Amino acid sequence: MGLNLIKLCVGCDSIDDLAEWIDYRVAEARRAGRSPEHHHVTRMVPKRIDDLLAGGSLYWVIKGTVQVRQRLTDIQPFRDAEGIGRCRLMLEPKLVATEWQPRRPFQGWRYLEAKDAPADLKQGKGQSLPPELAAELAELGVR
């Protein structure tokens, strides 16, 4: 995994909130007879698509810390109804919890090199900590 994206997860307070939102959107697509693919629409189209699709992920910043990632499966530029260029980031619906890493707010998405990305959490490791404690430990650089 060489190149990733990082983006703020606006409106979610936890990984569970994000998981519920994904489940809702996938179920909504099924009910409407559409393919149950999960995607996120952005305004800007990444220039390094090939690098991103060679195993990259979208890392989500939730409440000031990177907490989880989703593997990128495709990137689809398109024009919306008003003719504005947009981009559909196609994502694997599976969420992979990561070590928490503090991040300041930013707009849009940013590239994230693999060397700077937080490691995946091993199954069960650190996931039982209360979110407030996990965030404080991440801010201190202990977790």
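A salt bridge is a side-chain nitrogen of Lys or Arg within 4 Å of a carboxyl oxygen of Asp or Glu. The views below show a predicted model.

**Figure 1. A salt bridge between aspartate 120 and arginine 69.** The side chains of aspartate 120 and arginine 69 meet in this salt bridge, with N and O 2.8 Å apart. The pair links distant parts of the chain, 51 residues apart: arginine 69 belongs to strand S4, while aspartate 120 lies in the loop between strand S7 (109-113) and helix H3 (131-140). Arginine 69 has a relative accessible area of 11% and is therefore buried, whereas aspartate 120, at 34%, counts as partly exposed.

Figure 2. A search of the whole structure finds eight salt bridges. One of them joins aspartate 51 to arginine 48, their closest N and O atoms being 3.3 Å apart. Aspartate 51 is partly exposed at 39% relative accessibility, and arginine 48 is partly exposed at 33%. In another, the side chains of lysine 115 and aspartate 116 meet at 3.2 Å, N to O. Lysine 115 is exposed, with a relative accessibility of 69%, but aspartate 116 is partly exposed at 37%. Through shared partners, salt bridges join Arg48, Asp51 and Glu113 into one network.

**Figure 3. The largest nonpolar core and leucine 89.** In soluble globular proteins, nonpolar side chains tend to be buried together. The largest nonpolar core has 18 residues, of which Leu5, Leu18, Trp60 and Leu89 touch the most other members. Two or more residues of this core come from each of strand S1 (3-8), helix H1 (15-31), strand S3 (57-62), S4 and S5. Beyond its neighbours within four places in sequence, leucine 89 is in contact with residues including Leu5, His39, Leu58 and Ile75. Apart from this core lies another, of seven residues, among them Tyr59, Val66, Phe106 and Leu112.

**Figure 4. The surroundings of threonine 65.** Threonine 65 is found in strand S4. Its relative accessibility is 3%, so threonine 65 counts as buried. The side chains of threonine 65 and glutamine 67 are joined by a polar contact of 3.2 Å. Glutamine 101 is 36 residues from threonine 65 in sequence, yet their C-alpha atoms are 5.1 Å apart in space.

**Figure 5. Aspartate 80 in a loop between two strands.** Aspartate 80 sits in the loop between strand S4 (65-79) and strand S5 (85-91). Aspartate 80 is buried because its relative accessible area, 18%, falls under 20%. The side chain of aspartate 80 reaches the backbone nitrogen of glutamate 82 at 3.0 Å.

Definitions and conventions:
Residues are numbered from 1 along each chain as its sequence is written. This is a predicted model: local features need pLDDT of at least 70, side-chain atom pairs count only at pLDDT 80 or more; totals for chains, interfaces and linings use all residues. Side-chain values use heavy atoms; hydrogens and water are left out. Helices (H or I, at least four residues) and strands (E, at least two) are DSSP runs, numbered from the N terminus. Buried means under 20% relative accessible area, exposed over 50%, partly exposed in between (1.4 Å probe, protein chains only). A polar contact is a pair of N or O atoms within 3.5 Å; within protein, one must be able to donate a hydrogen and the other to accept it, and residues adjacent in sequence count only if both atoms are side-chain atoms. A nonpolar core is a set of buried Ala, Val, Leu, Ile, Met, Phe, Trp, Tyr and Cys residues joined through side-chain atoms within 4.5 Å. Contact means heavy atoms within 4.5 Å.
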